[in-house]
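Please keep the sequence and the model open beside this note while reading. The points below go through the structure one topic at a time.

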Amino acid sequence: MYEKFKRSEWFRHDRFGMFIHFGLYSIPARGEWVRGAENLSDELYYSYFNQFNPYAFDAHEWARAAKRAGMKYVVLTAKHHDGFCLFDSKLTDFKITNTPFKRDLIAEYVEALRDEGLKVGIYYSLIDWNHPAYPAYMHHAHPHRTDEAYKIRRPFEEYLEYMHGQIRELCSNYGKIDIMWFDYSYEEMIGEKWRATELIKMVRDLQPELITDNRLEVSGLGFGSLATATPAYYSGDFVSPECIIPPKGIVNELGEPIPWEACITMNDHWGYCAKDFNFKQADIVIKKLIECVSKGGNMLLNVGPDATGRFPKESCEILEKIGEWMSRSGEAIYGAGISEFDKPEWGRYTQNGDSVYACITETPIGPLPLFGIPHDRIEYVRLLKDGSEVKTLSDWRTENYPGLTFVEFPNYKMLDDVCTVLKIKLK
């Protein structure tokens with residue numbers, strides 16, 4: 001992997017993170033796009049500002065929930081499209097310290113993550129439905145897109161000064177930041193429209209080791225110049241497919257794998273939606289995490305806290321179940337990636353150096369074929385969850401299939417309800 005991706009080495013090792021979308025939109029509880037989607041008036045939306053008081057918020061509990069689930073980093077919305085800030089910005093009054101809550105939530109969040117040994121990620125929306133210099137009229141998502149009174153706006157440079165200033169605050173006032181997750185570019189609002197080179201130079205000066213996504217160039221649609229042989233200075237460190245897992249991973253035009261992270265919702269919304277109970281089952285999430293890793297990618301799994309600051313009960317149950325599996329089988333995730341061996345029909349392989357992890361999601365009948373792995377390359381096979389020996393097998397059942405390596409599978413019931421993992425040590 002070429003020089004550009006050295007910064008993201010830890011990211012490609014850790015593989016699994018938590019996304020958190022939290023803000024005023026948790027009060028109407030119809031998702032994070034509610035202000036734009038429903039063309040809510042400023043008067044109505046500011047009423048949520050005057051009511052916002054997530055009294056049950058506990059940054060350490062958020063961090064512990066992520067850690068128990070086996071996540072290694074967290075990304076939180078410091079400012080979403082509505083323009084409301086969860087940090088004590090000196091550049092706006094539309095911020096959490098002016099609500100009844102009064103506290104700087106980002107400050108508590110970063111401290112809690114560091115206490116739990118988690119990497120710190122901050123999401124910042126390039127879009128702002130609140131700032132008077134951000135284009136509104138005819139913009140596809142702005143709450144005032146149909147109001148002709150918003151045709152004439154203040155110079156866009158005023159917004160860019162504000163945006164750059166807030167990013168400077170985030171990179172200066174909260175200690176070491178590991179990820180800056182920008183969202184998002186669209187139409188002509190792309191790249192240097194954001195003064196992107198200048199922006200990233202500032203970020204690199206303040207946070208030399210920080211990594212960024214690719215959304216100074218794209219909306220989530222497209223990969224940007226990161227997938228070319230000559231990425232732009234501001235192209236980012238990883239591609240960010242949204243609510244989809246790339247069918248074959250992601251490579252650049254030279255055929256080289258590039259870092260990527262699938263951001264995934266637990267239900268059908270990012271921000272809290274009181275009526276959305278379409279939660280993905282924990283076993284599905286685990287299998288999709290394995291799929292991401294087997295294709296060289298990460299998963300960023302979202303939680304949308306409610307207006308009190310609590311994670312939804314359903315999200316907590318999913319996280320606990322994921323954590324149970326990760327505590328036994330996380331070795332197949334952390335530090336692992338694309339295997340030299342093709343995908344087997346019973347599940348997937350991941351690989352870390354000379355260790356191949358057979359992630360078995362379909363129960364075999366009889367011996368399990370280790371597709372593609374020659375017998376003479378195997379030093380040993382162990383059941384990952386407890387380290388017990390799994391023997392390679394050659395008997396009357398396997399003789400008809402020369403060239404295939406088989407291992408003994410103890411019974412016809414899966415050893416793990418979600419995914420049984422074998423660790424195959426290669427010579």
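The numbered points that follow begin with the whole chain and end with single residues.

1. This is a predicted model, in which local features need pLDDT of at least 70 and side-chain atom pairs count only at pLDDT 80 or more, while totals for chains, interfaces and linings use all residues. Residues are numbered from 1 along each chain as its sequence is written, and side-chain values use heavy atoms, with hydrogens and water left out.

2. The protein has nine helices and 14 strands, where helices (H or I, at least four residues) and strands (E, at least two) are DSSP runs numbered from the N terminus. Its C-alpha trace spans about 80 × 45 × 40 Å along the principal axes. For 427 residues a compact globule would have a radius of gyration near 22 Å, and the 23 Å of the protein agrees with that; the radius is taken over C-alpha atoms, and the globule rule is 2.2 Å times the number of residues to the power 0.38.

3. Of the 427 residues, 59% count as buried, a word that means under 20% relative accessible area, whereas exposed means over 50% and partly exposed lies in between (1.4 Å probe, protein chains only). The accessible surface, computed by the Shrake-Rupley method with a 1.4 Å probe, comes to about 17900 Å², and 50% of this belongs to carbon and sulfur atoms. If contact means heavy atoms within 4.5 Å, then residues 24 or more positions apart account for 71% of the contacts with a separation of 6 or more.

4. How many aromatic pairs are there? Rings of Phe, Tyr and Trp (its six-membered ring) pair if their centres lie within 6.5 Å, and planes under 30 degrees apart count as stacked, over 60 as edge-to-face and the rest as tilted. By this rule there are 30 aromatic pairs. One of them is edge-to-face and joins phenylalanine 49 to phenylalanine 84, with 6.0 Å from centre to centre and 80° between the planes. This pair links distant parts of the chain, since phenylalanine 49 belongs to helix 3 (residues 42–51) and phenylalanine 84 to the loop between strand 2 (73–79) and helix 5 (105–115), 35 residues apart. Both phenylalanine 49 and phenylalanine 84 are buried.

5. The ring centres of phenylalanine 57 and phenylalanine 101 are 6.1 Å apart and their planes stand at 75°, so this pair is edge-to-face. Phenylalanine 57 and phenylalanine 101 are 44 residues apart, the former in the loop between helix 3 and helix 4 (59–68) and the latter in the loop between strand 2 and helix 5. Ring pairs link a cluster whose members include Phe49, Phe57, Phe84 and Phe101, along with Trp62 and Phe311.

6. A search of the whole structure finds zero disulfides, a disulfide being a pair of cysteine sulfur atoms within 2.5 Å. The sulfur of cysteine 419 is 4.7 Å from the closest cysteine sulfur, that of cysteine 359, which is too far for a bond. Cysteine 419 is buried, with a relative accessible area of 0%, whereas cysteine 316 is partly exposed at 31%.

7. Valine 421 is placed in strand 14 (residues 420–426), and with a relative accessible area of 2% valine 421 is buried. Leaving aside residues up to four places away in sequence, valine 421 touches several residues, among them Trp325, Tyr357, Cys359 and Leu383.
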